[in-house]
Amino acid sequence: MALSKEVYKEFECVVGEENICDDPAIMPAYYNNKFAAVILPGNTAEVQAVVKLCNKHKLVFRPICTGWSGMFPPDIILLDLRRMNHIIEINEKNMYAVVEPYVISSQLQAELFKRGLNFCIKGAGTNCTAMLRGHGHMDQTTSGDDRNHLAIEWITPEGDIVRSGALGSSDEWFCGDGPGPSIRSILTSAVPPGVTPGVFTKAAVKLYHWPGPSAYPIEGVSPNYALSEIPPNMMARYYSFPSVEKMWQAELAIGESEISFELMGFNISMVAANITTSNEEEEETFNRLSKEVIGPGFFVIIAGNSAADFAYKKKVLEKIVSEADGKSLKAAEDPRIEGILMCQCTRISASIRETFRNGGAFNSIPIMGQRDLTIKWAIGAGKAKEPLIEKGYIVDDGGAFFGWGVEQGHLGKTEIFCKFDPQNAEAKAAVEAWQKQENLRAFKERYFASTMGPQDEIGPALCNYNQWWSKLVKALDPNGVSPEGGALV
Amino acid sequence: MGLEQYKGDMEMCCRCSACKFIPMQRVKGNQYAYACPSISRYNFHAYSGGGRLNIGAAMLKDGMKYTDKLLDIVYNCQLCGACGVSCNYAMDMEVLEPISEFRIKCVEDGKTNPALDKVIANLRKQGSMVIGARGKRGAWAAGLNIKDATKEKVDVLYHVGCLTSYDKNMQKMAKATVKILQKAGINFGIAGDAETCCGGRAYQMGYTKDFLNQAKKNMAMIKKSGAKTVVTSCADGYQAFKVLYDRFNLKGDLKVLHISEYIDKLIRDGKLKPRKKVDMAVTYHDPCRLGRLGEPWVHWEGKKIPGDRFVFDPPKPYRRGTNGVYEPPRDVLKSIPGVKLTEMTRIKEYSWCCGAGGGVNDSNPEFAKWTAQDRIEEAISTGAEALVTACPWCEKNFTEAIKDSGSNLKVYDIVELVEKAI
Amino acid sequence: MVAKEKLVKIVGAANVSDKQAALDEYSSDISFVNPVRPAYVVKPKNTDAIQKLVKLANKTQTPLVPVSSGPPHFRGDTVPGTGGAVIVDLGGMKKIIFVDRARRVAMIEPGVTFGELIPAAEKEGIRLNMPLLPRKSKTVIGSMLEREPVIMPKYQWDISDPLACVEVIFGSGDEFRTGQAAGPGTVKEQWDVGGIQKAPYGPGIASWHRLIQGSQGTMGIVTWASMRCEILPSLEEPFVVGSSNLETLLEMTSWLIRLRMVNECFILNNTNLAAIFAKKWPKDYQTIKDVLPTWILFYNLAGYEYLPEERISSYITDINEITQRLGVEAVKAVGEVSANEILKAVQQPSAEPYWKLRYKGACEDLYLLTIHDKLEGLIGEMNDLADKAGYSSSDMGIYIQPIVQGTGYHCEFNLFYDPGNSSERNRIKELSASAIKSLMAKGAFFSRPYGESAGMILNRDAATVGVLNKLKNMFDPNHVMNPGKVCF
């Protein structure tokens, strides 16, 4: 339903004529959804004013950052936060940066690299917002999930500005918790449903030391970027192992010895996707590299703070791999490939090759948490891919899963996906069935419960968290203007 | 044909927003990370490369009404191709082609932009892209003793271009080019008054028929002249001759060089020796149609292979901006003694458009200027005293934007610096 | 007031007391909160009993005050805020449920102290990330729920660490398990498939454990908790660096932590270091203090399974570069205190008597969180305030703990005083309140608001309080959980 002229005008008064649109012409670009209007607020005050208007007129709203994915009902207001693209602060001494929603990870990381710093970039890719909660390739060093946010500035569904932790009390970004119990418990972003309602307008994220170069020495022309040299005191390798058990043994030892900057449990299909510049090249490379690996494996980057530190880490790495009967992939020892992988797996610039390039879509089951447990489940989920591969519904990746260590192996993440052509209705249905079946198996066999599943089943199995969340949303959002929370992708 | 042939490509867009930015690994900081002038200015996703693909897909699937907003989206695009380069770093799909086809469709459906209609009317009347141009096209060459390629056989036809011929401020480029070619002892000529627009900008604007008319006229004249090589100092012209004519099977064996490529060759062959010192700190702007869009056309025909991937039989080679003309202009600058080249952040295949492409300088001069202004700030940030480019449309747009901004930054075409050095 | 028999029915007669002496123990503590006598003390032994107690409290509108640590208490959060309260003393729940080396996690009941858990963990080859010298009666869960800072900032990835998951009975009477513990399945069923209760986030998108931490028992009662543990080093090499220039030590600290080279790492002033190591008072204390520099940075280098000597050696080389640049020296002893002694001490709870009480019998702790650039200024301000109040700043202990991998600092002022001297006590009470006010005005963040100053602290952030109240109304709709604490 279109906004009345008067209501449209009220929003226009807040953001300016250029920053609101309800013309059908823009809607195909916004998920082909018939939004009541798309609004581009420029700062916290404008967001607040828009939210208050939504309350006044009982209009549902949803915010997006780069907005990679999302499902939206019609006739709601979409807040496209594109104009809020400032890096507010980088505090080197206290290891945090403060960003607005439309600073993408690549921008923040480039600024951080100059200062010998880095942060957690989500595996979805460096083209996503830096503010996003999530997990990524570098989690071994840069942590993940909701553990990287510090203070957050939040516009509640009622249009109040709440600043968490030290931000609310003493105008500092370094701590998002307190006074007393932490509201960071409920301030979270991810793909809805069940995301914090309202809008995050700024967030502080933790930073980590970056022993690498202030900028990678990239040469070449797109899509053939490579490094002119491997930066000093850094090395990247891919190791495969004779069994999952051996791989896990090595992965755990690497975590406990704290030697890896990154441990990315790539399967060889993803390596092939990452380093190649076309679908055809990827297929050929996958077939070739598959013959070289001896089983499941992972990709490791070690980075020394000094030559001595690097030498130590390298020695330990080689020892651990040898003890687990691991084999180094020759292709990754080639400095050109090593450099490509190193750069792309720290700048996280090749995720799209690994996911969308093949067929145009991929459906995934990602799980954060206990790595050894989720690997167990993932083996079965991988086997369940085989019939789909045989039927040609999904890209043949050997039925593999992947994942990575988080916080030096304390936590972990496992993921498995199917890449397919979404225009192929049969393939789409088969993939969705696989996803449903494997989620159900995970639930029944008690590996985990995906919270994307049916809430009436999942909720009671997880201490009825959904009911608590529902109560909370009602308390925060009495007018029901932010029912699905915010999509920050 | 038309938009329909890109249905699969448009549906491949996963809305990753890579098209809005320069290739991720090339991002050097918070500033100068944006690649697409259109979405950078207008902010709604519809203005991005991906947004345009979404619109194209919707047009094919459900049909769309041509609202003012839709046409605003369509015509506020320089068709610079930056979106495609960033997208094609990772994805195998056409980006600029469907965007261009949508423009063409708008023109075919009679949904034109009045300012561009005026330009095309002028083209049909005068054979030029410069509205209100006075005098004869070849008048700038008076007294320069240049061979008339319509009357004498020449090895090289120097295609001057509309803007360079008619714009008094740009004619210096033509004169400098002539001086350079004469110094190198090249057997070249110009068509003078008989020269007509290459048609490249007409194609950008969506007027395919007019482009083809111009292309046929030009190829006829080139054949008559006996020239085996066409050299031009206009990037639009370069792309027209080299890429578009080839695409429409009109080019034949004709060799097409941009003047920067030619000068680079002449220097390497020892025919040109830039000896005089030109003390200048410069930065170089890669024109879109010399750089990423100047890469050769690849003739391909095939069918999508049904299955799990978006692949074709035979395999489709995508033009990803890899083979554009990037090094020759730089090598030329490096061979001029005293010139110190400092690169901007957005260069080569991910260069930021000057703002003049796609007819935008005519249909929305304010947006064209806005785009140029961003580039000028980027140039200034390098510490350079001069911005060097290789296209008169770029130079004109930059010059006008600098005037407005009050900056001291100078703008030169590459031939002007070479002329100083020889 | 709830009827005694109802309590007896739940926990058994032996675990209910309304005797004066027993009640008096919980009526007050070392803090300056008003003494309020509870009506009963109950000592449940399991989750079921706790849940029944909470449900009863709801029915009868009886305030419940959860306590796990033994006395002496310091914060005032375990002293009832209103009359008619029932102390729920979980100190008797002392099960160490598991210690898991492979997954580096342990699970315990609320009454387990550091002294009890450390040897159990050591047997499995793992250790806790501890606070600095907790008192003997301090429970591990109590410490984690308070968000006490820990001495290995490298291993504190998030301010909630080392806490992982909890089982909690909310004030509503509902049972809930946070993080991975939520399910699917019971905890035992999760174990049966190889699951362990370690990932702290969830269930769902929220991280509910963050709400329980810092709540001072106002949201519910924790019946067990799991926590992440670290591997016991195979080799350790501690060092100290003394300086009168705090900024130099802060600069060094920030690099040690940023480069992830050190395990234990903190700064003490000479008063505190002397107070910790003095055996005989006041002679020892003065002797030790007199030869100490103003500030002492302590850090420990550790090696694990693989090539520990090489690892430590490369750290020492890299640290040398830092110390040389800063013009300080890393040594094995400062004054009469050796780095090895410090290491040995801080890997255990405090010896008895609790080190903070040895000097004068009582101690008021004032602690805040801040950033590098503000720290010295706040310390200077506190010194001035102390001196002005007639409490010599040179008598004040200062403990600086980098937190959360260097994103901030916990700065703690320990004001030792004689509780028997009423004018001294009053002076400290006033100094504490006025200092909090002044330091807040200078940008200090009091993230853990206790006692009389809690209101003043929370009033600065009405918006957050608004949200907390919504959460409180959900989880404890009848406000039976520790009323009068935090902002409730």
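**Note on the predicted model: helix, cores and interfaces**

1. In helix α13 of chain A, the buried residues are Arg371(A), Leu373(A), Thr374(A), Ile375(A), Trp377(A), Ala378(A), Ala381(A) and Gly382(A). The structure is a predicted model, and the remarks below should be read accordingly.

2. The largest nonpolar core has 293 residues. Within this core, Leu108(A), Met129(B) and Leu471(C) touch the most other members. A second, separate core comprises 88 residues, among them Leu249(C), Met261(C), Ala278(C) and Leu292(C).

3. The surroundings of Leu108(A) may be inspected directly. Apart from neighbours within four places in sequence, Leu108(A) contacts Ile87(A), Ile90(A), Ala97(A), Val99(A), Val103(A), Phe119(A), Ala130(A) and Val205(A).

4. Chains A and B share an interface to which chain A contributes 67 residues and chain B 59 residues. The area buried between chain A and chain B is about 5,100 Å², with carbon and sulfur atoms giving 53% of it. On the chain A side, Arg82(A), Gln107(A) and Tyr225(A) supply 13% of the area buried against chain B, more than any other three residues.

5. Two salt bridges are found across the interface of chain A and chain B. The side chains of Asp421(A) and Lys304(B) form a salt bridge, with an N to O distance of 3.8 Å.

6. Asn54(B) belongs to helix α3 of chain B, residues 49-62. Its relative accessibility is 14%, and Asn54(B) therefore counts as buried, the cut-off being under 20%. Residues up to four places away in sequence aside, Asn54(B) touches Pro28(A) and Ala29(A), as well as Cys13(B) and His45(B).

7. Chain B is divided into domain 1 (1-111) and domain 2 (114-268). The centres of these two domains, taken over C-alpha atoms, are separated by 30 Å. Nine residues of domain 1 of chain B and eight residues of domain 2 of chain B take part in the contact.

8. Between them, domain 1 and domain 2 of chain B bury about 640 Å², 48% of it on carbon and sulfur atoms. In domain 1 of chain B, the residues that lose the most area to domain 2 are Arg103(B), Ile104(B) and Val107(B), together 52% of what that side buries.

9. One salt bridge is counted between domain 1 and domain 2 of chain B. Arg247(B) and Glu97(B) form a salt bridge in which the closest N and O atoms are 2.7 Å apart.

Notes:
Residues are numbered from 1 along each chain as its sequence is written. Chains are lettered from A and ligands numbered from 1 in the order in which they are written. This is a predicted model: local features need pLDDT of at least 70, side-chain atom pairs count only at pLDDT 80 or more; totals for chains, interfaces and linings use all residues. Side-chain values use heavy atoms; hydrogens and water are left out. A nonpolar core is a set of buried Ala, Val, Leu, Ile, Met, Phe, Trp, Tyr and Cys residues joined through side-chain atoms within 4.5 Å. Buried means under 20% relative accessible area, exposed over 50%, partly exposed in between (1.4 Å probe, protein chains only). Contact means heavy atoms within 4.5 Å. Helices (H or I, at least four residues) and strands (E, at least two) are DSSP runs, numbered from the N terminus. Domain bounds come from an automatic or database domain assignment. Buried area is the accessible area (1.4 Å probe) that two parts lose on being put together, summed over both. A salt bridge is a side-chain nitrogen of Lys or Arg within 4 Å of a carboxyl oxygen of Asp or Glu.
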